[in-house]
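I opened a new structure today and kept notes as I went. Each entry records what I looked up.

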Amino acid sequence: MALDKRLTFQEIMSLTPLPDEIENGKVVKRYMSQRKAWFPEGDVPIASETPDPEKETNQKPQKRQVAYGAHVYSQAGLVASRALAEVQTSQADAPWKKVGIHTIHGYFSEAGLIDRPFVYNVTTVATNPSFPNLFVTVRQPLSPSTNPSKDHFPLADAKLPLGPVCFSALVSFRPSIVSQYVAQEVPAQRRFADILGSRPPSAWDPAPHVDIAEKLKAFPMRNPGTFPAVDMKKVDMTAFNEGKPLHERRELLLYRLLAPLPADDPDSHIMTHAYEADRNGLLMIGNHIGFGYDLGRAASLSYSFVVHVNSEDAVMTYGEDEWWIQEACFPRVEAGRAIIMSKIWSPKGVHVATEYQDGIVQRRWKPGERQGKL
C-alpha cells in the first residue's frame with residue numbers, strides 16, 4: 001500500500017494573511033489557514049493498511065471529521081508571533097525587544113472540522129516590551145471550503161459566513177536573558193536509561209494513529225501513517241507501569257523533525273513541540289483507567305504550554321539521531337475529566353517545556369446510568 005505524503009510543519013501550518021480590521025478602536029490582525037488539519041481517524045486505514053475500517057468492524061462512518069486539536073492550537077501561537085512581529089515593524093520607534101513565545105493558554109469551545117479553514121483574529125492585550133501578551137480567537141466558516149478538494153483553501157473561503165468561536169488563546173512572549181540559577185530534575189534519559197537503551201530510538205514502534213486499545217487491536221499499526229511535522233515513536237512502558245498507581249505511571253514518546261525547520265524562527269520550533277505533545281494524550285489516560293475497550297468520549301478543554309528556557313534553546317536540529325522526549329504522566333482524574341502533564345526533554349537532557357492539558361475522558365454510559373444528570 002503506497003504511503004501518503006507526510007507534510008512538514010511549514011506545509012501543514014501555512015497561512016494566508018487577511019486584511020486588518022478595527023474593533024473598538026484596536027487593530028485586529030487576521031489570518032486564514034491554507035491546509036486542512038490532520039484527521040486522526042482518517043489515518044487509521046493508512047497506518048493499519050486497512051482500506052475500509054468501518055466495513056471491517058460494521059461501524060457507521062463518522063458524520064463529522066474532527067480536526068486534530070493541536071492544529072488550531074499551534075497555528076494560534078504562530079499567528080500571535082507573526083502579528084507581534086508586524087506590530088513591531090510598524091512601530092519601529094517603540095522600545096521593542098526581540099522576544100519568543102513564553103506561554104500559551106488555550107481553550108477549545110467547539111470542535112474544529114477539516115473540510116474548512118480556520119480564521120484567526122489577533123489583538124494586542126499588553127504592549128510591555130519585555131512581556132507582550134496577545135489574544136487569539138478562532139472561527140470557521142459555517143459551510144465547507146469552496147475548493148472541492150476541501151484543502152488548499154482559497155481566499156474566497158474567508159468571505160464565507162463564520163460560526164462561533166471554536167478556540168481562543170492568550171499568548172505571552174519573553175526576551176532571552178542570562179540565567180542566574182538553573183535547576184531541574186534528573187533528565188528522562190537517565191531515569192529511564194535501561195528502557196531507552198534496550199534498542200535504538202528508531203526501533204520503537206510508530207506512535208499509534210489513535211491510541212485506544214480497542215482500535216489498535218482491530219487495526220494494528222503497520223506503518224507510521226501521515227502524522228505531519230515530526231517522526232514519532234512510542235516506547236513500550238508496559239513493564240515499568242505494571243502495578244503502579246495512575247499518578248506514578250509514565251509514557252515516553254520520542255520525536256524528531258521530518259524536515260529542517262529554520263533555526264532563526266524559534267517560535268516555529270516551540271509550536272512544533274506543542275503540536276507533537278497534544279497527540280493521543282487523553283486517549284492514553286483512557287487506556288490506563290480501564291476505558292480502552294469502552295471509550296465513549298475524549299476531548300480537550302484547555303491546553304497550556306510553558307517554555308522554561310530562552311526561545312532559541314527550544315530549536316531542534318534536523319538529523320537521524322536528534323530525538324526529543326515527551327515524558328507524560330497523569331496526575332488527576334475526576335468529574336469526567338482528566339489531566340495529562342508532559343515534560344519536553346531535549347536530546348541533551350534539558351527540560352525545555354511543560355504541557356498541561358485538561359479534557360473530557362469518559363467511557364460509554366450504561367443504560368440508566370445518566371438518569372437525572374445533564
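**Entry 1: Arg249**

I began with Arg249, which sits in the loop between helix 8 (238-241) and strand 9 (251-257). Helices (H or I, at least four residues) and strands (E, at least two) are DSSP runs, numbered from the N terminus. This is a predicted model, where local features need pLDDT of at least 70, side-chain atom pairs count only at pLDDT 80 or more, and totals for chains, interfaces and linings use all residues. Residues are numbered from 1 along each chain as its sequence is written, and side-chain values use heavy atoms, with hydrogens and water left out.

I then looked up the neighbours of Arg249. Leaving out residues up to four places away in sequence, Arg249 touches Asn241, Lys244, His288, Ala328, Cys329 and Phe330. Contact means heavy atoms within 4.5 Å. Cys329 is 80 residues from Arg249 in sequence, but the two are 6.2 Å apart in space, C-alpha to C-alpha.

**Entry 2: Helix 10**

His288 made me check helix 10 (residues 281-288), where seven of the eight residues are buried. Buried means under 20% relative accessible area, exposed over 50%, and partly exposed in between (1.4 Å probe, protein chains only). The buried ones are Gly281, Leu282, Leu283, Met284, Ile285, Gly286 and His288. Gly290 follows helix 10 and has a positive phi, near 90°.

I traced the pairing next. Strand 4 (residues 119-126) and strand 5 (residues 133-141) run antiparallel over seven bridges. Two strands pair if DSSP finds at least two bridges between them. A hairpin of six residues joins strand 4 to strand 5, and Ala126 stands opposite Asn133. Strand 5 also pairs with strand 6 in the antiparallel sense, over eight bridges. There, Val136 stands opposite Ala169.

**Entry 3: The cores**

Which residues have the most contacts inside the largest nonpolar core? I found Tyr73, Tyr120, Val136, Phe167, Met271, Tyr275 and Phe305, in a core of 76 residues. Helix 4 (residues 69-90) gives the largest share, ten residues. A second, separate core has eleven residues, including Met237, Leu252, Leu254 and Trp323. A nonpolar core is a set of buried Ala, Val, Leu, Ile, Met, Phe, Trp, Tyr and Cys residues joined through side-chain atoms within 4.5 Å.

**Entry 4: Salt bridges**

Side chains of opposite charge can pair when their charged atoms come close. A salt bridge is a side-chain nitrogen of Lys or Arg within 4 Å of a carboxyl oxygen of Asp or Glu. I counted 19 by this rule.

Asp151 and Arg35 form one of them, at 3.0 Å, N to O. Asp151 lies in the loop between strand 5 and strand 6, and Arg35 in the loop between strand 2 (26-33) and helix 2, 116 residues apart. Are these two buried or exposed? Both Asp151 and Arg35 are buried.

Glu320 bridges to Arg256, with the closest N and O atoms 3.4 Å apart. Glu320 is in the loop between strand 10 (295-307) and strand 11 (324-334), while Arg256 is in strand 9, 64 residues apart. Why does Glu320 count as exposed? Glu320 is exposed because its relative accessible area is 58%. Arg256 counts as buried because its relative accessibility is 12%. Last, I noted that salt bridges with shared partners join Glu185, Arg191, Arg250, Glu327 and Lys343 into one network.
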